[in-house]
Amino acid sequence: MTASSPLSPLSLPPGIRSRFVPGVNGLTMHVLEAGFEGAGRPLVLLLHGFPELAWSWRKVMLPLADAGYHVIAPDQRGYGRTTGWDPDYDGRLDPFRMLNLVRDALGLVAAFGRRSVAAVVGHDFGSPVAAWCALIRPDVFRSVVMMSAPFAGPPELPFDTLAASAGSGADQGPGAGQQPDIHAELASLDRPRKHYQWYYSTREANQEMWRCPQGMHDFLRAYYHCKSADWPDNRPFPLASWTAAELAKLPTYYVMDIDKGMAETVAAEMPTAMDVAANRWLPDDELRVYSAEYERTGFQGGLQWYRCGTDERFAAELQIFSGRRIDVPAGFIAGSSDWGIHQKPGALEAMQARVCTRMLACHLVDGAGHWVQQEQAGEVSRLLIDFLVQARAAG
């Protein structure tokens, strides 16, 4: 699994370099870097999601560097050429929990000799990591941009339960007031379904994707295609509630048929050879960077994040921050064809109205699905630079 060398300069745009940063919370982090030539530039930290890499930011790093920023994008814990993490399903899970991912980001900033960053920007699963960075350490992460995955805030502690339980009587037995089991509801639909995050938490998910019949490259091609604006069925709309009937309206790459894995699910949407040849935002030579890395590492490192997200122990510890808000300047960017903005009903609205007290901008970019910074790199670069100017002015 180990890759001890940086990415080849031949695969990187001129002006971006690949390097290793040792001693980051037990990791040797592989980082892509731009704008490193001048001292004293404000730092921007870019955090990728799943199944992505630092490479996912290649198209926005140089515009940010040209605007005067020092830009770093790591392969996060469990990904790519970063080492020091356990790839075993039965290994320790707690290093992949959210609070330790925030510690990874803090450690990387400190390794570069910085006390703060101008902005932390996260996409997909990197979005909640960026949000938690800004919520927990606003002194370090001076502004935040979340991309594709809205942040609905910390899990709430049960509130005013004493008053609610007064005089309730003996009929309040174990389990009274508990939320319905959404997984049982999905499984009991006429077309039985399962949620992809819980599928990603299963033992078999890694092998089913890593050793899939179509091969790694074609699997990732289909996965990236069906979550992009290129797939014509990506016409998202808000869901009314967190119920099985509503969640079943999501595409099958989010709410899957119960008897299928992800590789089989997306294989049905494999683009034609003509479509692949016409793709300009992720041509085959660029996709090969992803497929070569994941062929080497598998997916378990990234899947550990999902396991932590579905583990009640790690959700409970985040209740320490119940009621806390993001008080630094905040922004949100997603593709207008991205179902991800609606997969958790009410999250987008909560982020704008309640969770972020200084929400400067919320943009849905036309011509982009889930991979917004790759599908529409020019527009995303412009929006990020505009946000950084606004955030600096806001203080």
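Buried means under 20% relative accessible area, exposed over 50%, and partly exposed in between, using a 1.4 Å probe and protein chains only. Helices (H or I, at least four residues) and strands (E, at least two) are DSSP runs, numbered from the N terminus.

This is a predicted model, in which local features need pLDDT of at least 70 and side-chain atom pairs count only at pLDDT 80 or more, while totals for chains, interfaces and linings use all residues. Residues are numbered from 1 along each chain as its sequence is written, and side-chain values use heavy atoms, with hydrogens and water left out.

**Exercise 1: strand β6**

Find out which residues of β6 are buried on each face, and which strands β6 pairs with.

Step 1. Start with the general idea: side chains in a regular strand alternate between the two faces of the sheet.

Step 2. Now look at β6 itself. Val-144 and Met-146 are buried on one side, Val-145 and Met-147 are buried on the other, and that leaves both faces covered.

Step 3. Check the neighbours, remembering that two strands pair if DSSP finds at least two bridges between them. Strand β5 (residues 119–123) runs parallel to β6 and is joined to it by four bridges. One place to look is His-123, which sits opposite Met-147.

Step 4. β9 is also parallel to β6, again with four bridges. Here Val-145 has Gly-331 of β9 as its bridge partner.

Step 5. Trace the chain: β5, helix α3 (residues 126–136) and β6 form a β-α-β unit that is right-handed (with the strands pointing away from you, the path from the first strand over the helix to the second runs clockwise).

**Exercise 2: helix α15**

Work out where the buried residues of α15 lie and what they pack against.

Step 1. List them: in α15 (residues 347–355), the buried ones are Ala-347, Leu-348, Ala-350, Met-351 and Val-355.

Step 2. Look down the helix axis. The buried residues fall within an arc of 165 degrees, so they line one face of α15 (the arc is taken from the directions from the helix axis to the C-beta atoms).

Step 3. See what they touch, where contact means heavy atoms within 4.5 Å. The buried residues of α15 pack against β6 (144–147), β9 (330–335) and β10 (359–365).

**Exercise 3: strand β4**

Describe how β4 is covered and how its neighbours run.

Step 1. Five of the five residues in β4 (residues 70–74) are buried. His-70, Ile-72 and Pro-74 take one side, with Val-71 and Ala-73 on the other.

Step 2. β2 (residues 27–34) is antiparallel to β4, with four bridges between them. β3 (residues 43–47) is parallel to β4, with three bridges.

Step 3. Zoom in on Ile-72: Glu-33 has this residue as a bridge partner, and Leu-45 does too.

Step 4. Follow the chain from β3 through helix α1 (residues 58–66) to β4, and you trace a right-handed β-α-β crossover.

**Exercise 4: salt bridges**

How many salt bridges are there in the whole structure? Then take a few of them apart.

Step 1. Set the rule: a side-chain nitrogen of Lys or Arg lies within 4 Å of a carboxyl oxygen of Asp or Glu. The search gives 22 salt bridges.

Step 2. Asp-257 is buried at 12% relative accessibility, whereas Arg-191 is partly exposed at 46%.

Step 3. Next comes Arg-137 with Asp-139, where the closest N and O atoms are 2.7 Å apart. Arg-137 is partly exposed at 31%, and Asp-139 is partly exposed at 40%.

Step 4. Finish with Asp-233 and Arg-235, at 4.0 Å, N to O. Asp-233 is partly exposed at 42%, while Arg-235 is exposed at 56%. Elsewhere, shared partners join Arg-92, Asp-94, Arg-97 and Glu-317 into one salt-bridge network.

**Exercise 5: cysteines**

How many disulfides are there?

Step 1. Apply the rule that two cysteine sulfur atoms must be within 2.5 Å. The count is zero.

Step 2. Check Cys-308: the nearest cysteine sulfur belongs to Cys-133, 16 Å away. Cys-308 is buried, at 6%.

Step 3. Check Cys-362: the closest cysteine sulfur, in Cys-356, is 9.7 Å away, too far for a bond. Cys-362 is partly exposed, at 31%.
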